[in-house]
Amino acid sequence: MTAISVTKARENIIRFSLLPALDCTLRCGRTLEEIRSILRIVTVEKGLTEAEGGDFVGSVSECGFEITPKLWYRNSFVPIIKGRFVPDGEAVLIHVRMRMHTFVTGFSVFWFGGVFLFLLAGGLYALQNGMRSVFPMIIQSILMLALGQATERIAFHRPAKAALKRLKELLQGTEVSKK
């Protein structure tokens, strides 16, 4: 492995987090007013989710937006998309940040913390009484952590990637950076 690939591997390991998130920057050739206008057309105000049309639910302001994708199904892990407009000469940069809702994030941290403590307690018990006595408890804890991570990541990233693709289409933007 070269030094560059080792550095990339370290960056990817460092970027892994307990909770799913998506950050990127889009460069758009449209004017700031055009971008705001397009986003307002496809965004339905909060509280009017049953209204016809609109790809997103939320609000668009002078300096950015806070929206969520409008889904036909219930999804607690749907991303909250916050964008900030930054004029950049002829173009406009849009810094997009996608996170889960604060309550869902809090619940997830609590749940993963509880499972991890259960796993830790099982490991300590195994050190005292032997692995055979707690093997089922440790396996269940590991499976709960893996299943929880898989569920969160799939339920978050599918609508997040679809929303990012839709934003690129609407604003005719190109992705400058992604984290």
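Me: In which loop is the place of Gln172?

Reply: Gln172 sits in the loop between H4 and strand E7 (173–178) of this predicted model. The backbone there deserves attention, for Gln172 has a positive phi of about 50° although it is not a glycine.

Me: Is Gln172 buried or exposed?

Reply: The reading rests on the relative accessible area, where a value over 50% counts as exposed. Gln172 has 55% relative accessibility and therefore counts as exposed.

Me: Which salt bridge does Lys168 form, and with what N to O distance?

Reply: The general idea is that side chains of opposite charge can pair when their charged atoms come close. In this structure the side chains of Lys168 and Glu175 meet in a salt bridge, at 2.5 Å from N to O. Lys168 is partly exposed at 27% relative accessibility, and Glu175 is likewise partly exposed at 29%.

Me: Which residues do salt bridges with shared partners join into one network?

Reply: The network consists of Glu33, Arg36, Arg40 and Glu62. One of its links is the salt bridge between the side chains of Glu62 and Arg36, with 3.3 Å from N to O. This pair links distant parts of the chain, 26 residues apart: Glu62 belongs to the loop between strand E3 (56–60) and E4, while Arg36 belongs to helix H2 (residues 32–42). Arg36 counts as buried, at 7% relative accessibility.

Me: What does Arg166 pair with, and where do the two partners lie?

Reply: The side chain of Arg166 meets that of Asp55 in a salt bridge of 2.7 Å, N to O.

Me: Why does the pair of Phe65 and Phe85 tie together parts that are 20 residues apart in sequence?

Reply: The explanation lies in the strands: Phe65 is in E4 (residues 64–69) and Phe85 is in E5 (residues 80–88), so the pair ties together parts that are 20 residues apart in sequence. Phe65 is buried at a relative accessible area of 6%, and Phe85 is buried at 8%.

Me: What geometry does the pair of Trp111 and Phe112 have?

Reply: Trp111 and Phe112 form an edge-to-face pair, with 5.3 Å centre to centre and 75° between the planes. Trp111 is partly exposed, with a relative accessible area of 31%, whereas Phe112 counts as buried at 5%.

Me: Which residues form a nonpolar patch on the surface?

Reply: The patch is made of Phe116, Leu117, Leu120, Leu124 and Leu127, which together have about 550 Å² of accessible area. Phe116 lies in helix H3 (residues 102–129) and is partly exposed, with a relative accessible area of 47%.

Me: With which residues is Val134 in contact, leaving aside its neighbours within four places in sequence?

Reply: Those contacts are Gly122, Tyr125 and Ala126. Val134 itself is found in helix H4 (residues 131–171) and is buried, with a relative accessible area of 4%. For a C-alpha reading, Val134 and Ala121 are 13 residues apart along the chain, and their C-alpha atoms are separated by 9.7 Å.

Me: How many disulfides does a search of the whole structure find?

Reply: The search finds zero disulfides. As for individual cysteines, Cys28 is buried with a relative accessible area of 0%, whereas Cys63 counts as exposed at 54% relative accessibility.

Definitions and conventions
Residues numbered from 1 in each chain as written. Predicted model: local features only at pLDDT ≥ 70, side-chain atom pairs only at ≥ 80, totals over all residues. Heavy atoms only, no water. Helix = DSSP H or I, 4+ residues; strand = E, 2+ residues; numbered from the N terminus. Buried < 20%, exposed > 50% of the residue type's maximum accessible area, 1.4 Å probe, protein only. Phe/Tyr/Trp six-rings, centres within 6.5 Å; stacked < 30°, edge-to-face > 60°. Patch = residues over 30% accessible without salt bridge, like charges linked within 9 Å, V, L, I, M, F, W, Y side chains within 5 Å. Areas by Shrake-Rupley, 256 points an atom, 1.4 Å probe, with all protein chains shown as cover. Salt bridge = Lys/Arg side-chain N within 4 Å of Asp/Glu carboxyl O. Contact = heavy atoms within 4.5 Å. Disulfide = S-S within 2.5 Å.
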